[in-house]
Amino acid sequence: MPDVDVLILGAGLSGIGAACHLEQERPGTTYAVLEARDAIGGTWDLFRYPGIRSDSDMYTLGYSFEPWRGAQAIADGPSILAYIRDTARTHGVDRHITFGRRARSAAWSTAEACWTVEVEHTATGERETITCGFLWCNTGYYRYDRGYRPELPGEAAFAGTFVHPQHWPEDLEWAGRQVVVIGSGATAVTLVPALAEQAAHVTMLQRSPTYIVSRPRADALADRVRAVLPARAAHAAIRWKNVLTTQLSFVLSRRAPEMVKKGIRKGVAEALPEGYDIDTDFTPRYDPWDQRLCLVPDGDLFVAISEGRASVVTDTIETFTAHGIRLTSGRELPADIVVTATGLVMELFGGMALTVDGRPVRPGDTIGHKGTMLCGVPNLASTFGYTNASWTLKADLTAEYVCRLLAAMEARGMRQATPLPPDPSAPTEPFIDFSSGYVTRAAADLPRQGATLPWRLHQSYVRDIVLLRHGRIEDHLVLSNPAPVAAR
């Protein structure tokens with residue numbers, strides 16, 4: 001018998017949600033949670049840069065089973081971290097977590113019908129093994145120990161301080177100093193207004209613009225609904241309102257991109273001083289949702305620009321100097337601190353090596369099944385959220401599906417569940433239909449997706465409810481029962 005029925009890797013937003021679903025839907029299932037770091041929270045414990053907040057509303061970023069009770073719909077990082085930790089305590093899953101344990105490899109044995117996972121003690125480097133009937137990866141999609149940091153021309157000449165947001169120093173002082181933030185994504189647009197509250201000036205230096213939309217930090221309609229409905233009913237109603245609004249935005253962006261572009265541009269123009277060069281700084285070369293839209297609560301980025309505390313420069317770097325950056329245009333930006341908000345390094349399964357009956361499994365050579373499993377790899381699930389909506393919407397559905405799968409295996413007396421690939425002649429596509437740099441850099445290491453269900457990803461919460469919550473379990477997935485080794 002394996003040590004536990006289910007082994008969950010990761011105690012961040014997804015891992016805690018997975019464990020809570022097991023507690024609620026699979027009482028009696030034995031499980032353990034391994035966390036490589038020393039605290040619950042994942043991303044929300046790791047990132048400590050100024051102004052960190054959600055870029056999804058908390059009614060969809062929050063769990064379906066645990067109503068968000070905070071005052072702000074777009075919440076700050078510490079509030080989200082407290083919510084995750086409170087949820088873990090409320091549902092008793094914190095008692096199942098072992099910290100400082102990183103899974104280095106996992107080997108599936110059909111003869112034993114279990115995974116053997118090699119685990120490293122992060123403090124000492126010692127190794128141990130744990131066996132499980134089902135392995136559930138909730139390790140996120142990027143490397144926690146290293147962000148993406150390209151080499152910058154002439155950077156050795158810079159006499160100031162370089163900082164990457166993923167590793168923000170607690171003792172960094174930026175009050176009264178000149179700060180340049182390199183990047184134009186969600187991290188950059190969060191950092192700029194937060195740093196501008198104390199810095200002498202903050203410049204966001206970008207090679208090309210990103211679509212940026214402003215939304216209220218507090219949701220007035222949500223507040224009215226919560227005033228008249230019980231917490232859970234209000235949470236569900238607001239959640240669905242926001243799900244449908246976001247999905248409508250995505251569908252319109254795909255079908256009528258020019259109309260959506262005009263709407264976004266109009267919002268930016270209204271938020272910035274008259275005559276601002278929007279075409280240069282806020283008009284991307286791609287269509288909306290080809291990359292993730294950046295959200296700024298209460299237009300805080302636009303406010304900082306309008307008040308002269310921050311500015312946006314669209315240009316490229318010729319070289320660093322001792323006291324700043326010389327741009328290709330010839331302009332020089334003074335800088336005491338340079339923040340390289342240049343992105344993430346994608347990594348699936350926390351970098352863990354996989355084998356099935358001694359055969360190495362390279363994720364880039366596999367095809368995803370229902371966005372949760374890998375074809376040909378038994379009893380392994382991975383949580384990967386939406387790119388066009390809240391991560392947790394997909395995480396919740398993935399957890400429901402895994403619990404349904406475990407129940408079906410138990411009911412049929414089966415110990416192995418193996419997704420089948422599509423016809424080899426059928427076309428495949430990248431797993432993520434996104435042009436963001438961190439995705440394109442890692443495309444070869446990600447699974448592929450097929451042209452039809454159940455191998456196709458539609459990035460649609462409504463469709464995934466049908467597929468994952470109500471769809472047939474044995475949909476190109478084989479349940480089997482290898483004979484125990486002792487009986488052979």
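## Charges over aromatic rings

A charge is said to sit over a ring if NZ of Lys or CZ of Arg is within 6 Å of the ring centre and within 35 degrees of the ring normal. In this predicted model, local features need pLDDT of at least 70 and side-chain atom pairs count only at pLDDT 80 or more, while totals for chains, interfaces and linings use all residues. Residues are numbered from 1 along each chain as its sequence is written, and side-chain values use heavy atoms, with hydrogens and water left out.

Arg149 lies over the face of Phe162, at 4.9 Å from the ring centre. The ring of Tyr148 has the charged end of Arg441 over it, 3.4 Å from its centre.

Arg441 belongs to helix 12 (residues 437-441); helices (H or I, at least four residues) and strands (E, at least two) are DSSP runs, numbered from the N terminus. Arg441 counts as partly exposed, at 39% relative accessibility. On this scale, buried means under 20% relative accessible area, exposed over 50%, and partly exposed in between (1.4 Å probe, protein chains only).

Leaving aside residues up to four places away in sequence, Arg441 touches Tyr148, Thr342 and Leu344, where contact means heavy atoms within 4.5 Å. Leu344 is 97 residues from Arg441 along the chain, and their C-alpha atoms are separated by 9.9 Å.

## Aromatic pairs

A pair of aromatic rings is described by the distance of the centres and the angle of the planes. Rings of Phe, Tyr and Trp (its six-membered ring) pair if their centres lie within 6.5 Å; planes under 30 degrees apart count as stacked, over 60 as edge-to-face and the rest as tilted.

The whole structure holds 22 aromatic pairs. Trp168 and Trp174 form an edge-to-face pair, with 6.2 Å from centre to centre and 80° between the planes. Trp168 is buried, with a relative accessible area of 11%, and Trp174 is buried as well, with 15%. One aromatic cluster is formed by Phe47, Tyr49, Tyr141, Tyr142, Tyr144, Phe384, Trp391, Phe431 and Tyr438.

Two packed helices are described by the angle between their axes and the distance between the axes. Axes are lines fitted to C-alpha atoms, for helices over the stretch in contact, and angles run from 0 to 180 degrees between N-to-C directions. Angles under 35 degrees count as roughly parallel, over 145 as roughly antiparallel, 65 to 115 as roughly perpendicular and the rest as oblique.

Helix 7 (residues 231-255) packs with helix 13 (residues 461-469) at an angle of about 115°, their axes being 10 Å apart. The two helices are therefore roughly perpendicular to each other. Arg239, Trp240, Val243 and Gln247 of helix 7 meet Tyr461, Val462 and Ile465 of helix 13. These residues divide into five nonpolar, one polar and one charged; Ala, Val, Leu, Ile, Met, Phe, Trp, Tyr, Cys and Pro count as nonpolar, Asp, Glu, Lys and Arg as charged, and the others, Gly among them, as polar.

The axes of helix 7 and helix 8 (residues 257-271) come within 5 Å and cross at roughly 120°, so helix 7 is oblique to helix 8.

## Buried elements

Helix 5 (residues 186-196) is mostly covered, as nine of its 11 residues are buried. Among them are Val189, Leu191 and Pro193.

Ser382 lies in strand 21 (residues 380-382) and counts as buried at 17% relative accessibility. Not counting residues up to four places away in sequence, Ser382 touches Cys137, Phe349, Gly371, Thr372 and Thr398.
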